[in-house]
Amino acid sequence: MRFFKDLKAGDYVILAITAAFLGAVWYQLAFQINYNWDWSGIPSFFVYYDEETGYQQNVLLIGFFNLIRIAIYSSILSVILGLGLALMRVSDRRWMNWTARVLVEFVRNIPPLVFLFIFYFFVSDMIFPVLGIRAFAQMLANSDSAVVGFLFGDRVFVENLIAGVICLSLFEAAYVSEIFRAGIESVGKDQREGARSVGVTKYQEMRYIVLPQAFEKTVPPLVGQLITLIKDTSIMSVISIQEFTFAGSEMVVSSGRIFEVWITVAVVYFIICYALSVYSRRLEIGRTGR
C-alpha cells in the first residue's frame with residue numbers, strides 16, 4: 001500500500017499511457033492483423049502441475065529467478081568495484097588515478113553487447129582458470145546442496161551465471177564509479193581542511209567524514225543505475241545465459257505465442273523497474289525534504 005501512496009499524478013499518467021499503448025497493440029493485432037490471442041497458457045509458462053511431482057517451476061519462472069540473482073549479485077559487486085575505482089580516481093597517486101580513468105573510459109565507450117562478447121568469449125577463458133573461478137563453478141555444479149541450488153539455480157549453468165554476473169558488474173562498475181566520484185568530490189574542501197587541521201589522518205577523513213556524506217548523496221542515483229542494470233541483464237540472452245529474456249525467447253519458439261510472451265516479459269520488467277524508480281524518488285524526497 002505504501003507504494004501506491006508514493007505515486008504522483010504524473011505516475012498515473014504514465015501508467016495510463018502504458019495501458020493505452022498495450023491496448024493499441026492488442027487492437028492492431030486482433031483486428032488489423034487478425035492475430036489469434038491466447039493468454040490461457042501464460043500462467044503455465046511460470047508454473048505447471050505434474051501429476052507425479054506436483055507443482056513445478058517452468059521456464060519463465062526459472063528465468064525470472066535468475067534475473068533476480070544476476071541483478072542482486074551484480075549490483076553488490078558493481079558497487080564494490082565502483083567504489084574502489086572512485087577512490088582510485090580521487091587518489092593523489094597519479095598511477096592509480098590514471099589506471100582507474102583508463103579502465104572507466106574504456107568500458108564506458110564500448111557498447112555493452114560488444115563488451116559482453118569480448119569478455120565472455122575471450123577474456124573469461126583466459127582469467128577464469130587462473131583465478132580459480134572455473135574450478136569454483138565446477139565445485140558448485142557438482143554439489144547437491146539445496147543452498148547452492150537456491151543461490152545459483154540450475155547447476156548446469158552455474159559457470160554461465162557467474163560469467164554473466166562478473167561481466168555485467170565490470171560494465172556497470174564504470175558508471176557506478178562516476179556516481180561515487182561525484183559524491184566524494186561534492187564534499188566541501190573546508191571540511192577536509194578542518195579535519196586535517198585537528199590531526200585527522202587521510203584514511204580517517206575519508207572513512208568518517210567524506211564517505212558517509214558521499215553515500216547519502218549517491219543513494220538515489222545508485223538506485224537509478226540499478227534500474228539500468230536490471231534492463232541490461234536482457235542482453236545476456238545473446239550468450240545463452242538463462243535469464244528472463246532468454247527464457248521468453250525459448251517459450252516463444254516452443255509455444256508460438258509470440259506477442260503474449262513478449263508482452264508478459266515487458267510487463268514484468270516494467271513493474272520491477274518502475275517500482276524501483278518510485279522508490280528512488282522517495283529516497284530523493286526523503287534526503288532533500290521536498
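Leu113, Val114, Phe117, Ile118, Phe121, Phe122 and Val238 make up a nonpolar surface patch with about 590 Å² of accessible area together. A patch here joins residues with over 30% relative accessible area and no salt bridge, nonpolar side chains (Val, Leu, Ile, Met, Phe, Trp, Tyr) within 5 Å and like charges within 9 Å. Accessible areas follow the Shrake-Rupley method with a 1.4 Å probe, and for residues only the protein chains shown count as cover. The model is predicted: local features need pLDDT of at least 70, side-chain atom pairs count only at pLDDT 80 or more, and totals for chains, interfaces and linings use all residues. Residues are numbered from 1 along each chain as its sequence is written, and side-chain values use heavy atoms, without hydrogens and water.

Val238 sits in the loop between α11 (202–232) and α12 (244–255); helices are DSSP runs (H or I, at least four residues), numbered from the N terminus. Valine 238 is partly exposed at 41% relative accessible area, where buried means under 20%, exposed over 50%, and partly exposed in between.

Helices α6 (112–131) and α9 (158–185) each supply at least two of the lining residues.

Cys167 is buried at 4% relative accessibility. Its sulfur is 19 Å from the closest cysteine sulfur, in Cys273, too far for a bond, as a disulfide requires sulfur atoms within 2.5 Å. The disulfide count is zero.

There are seven salt bridges, each a side-chain nitrogen of Lys or Arg within 4 Å of a carboxyl oxygen of Asp or Glu. Arg108 and Glu105 form one at 3.9 Å, N to O; both lie in helix α5 (residues 94–108), three residues apart, about one turn of the helix. Glu159 pairs with Arg134, the closest N and O atoms being 2.9 Å apart. Glu159 is in α9 and Arg134 in α7 (residues 133–141), so this pair ties together parts 25 residues apart in sequence. Arg257 and Glu260 form another, at 3.1 Å between the closest N and O atoms, and both are buried. Shared partners also join Arg89, Glu105, Arg108, Glu178, Arg181 and Glu185 into one network of salt bridges.

Key. Buried < 20%, exposed > 50% of the residue type's maximum accessible area, 1.4 Å probe, protein only.
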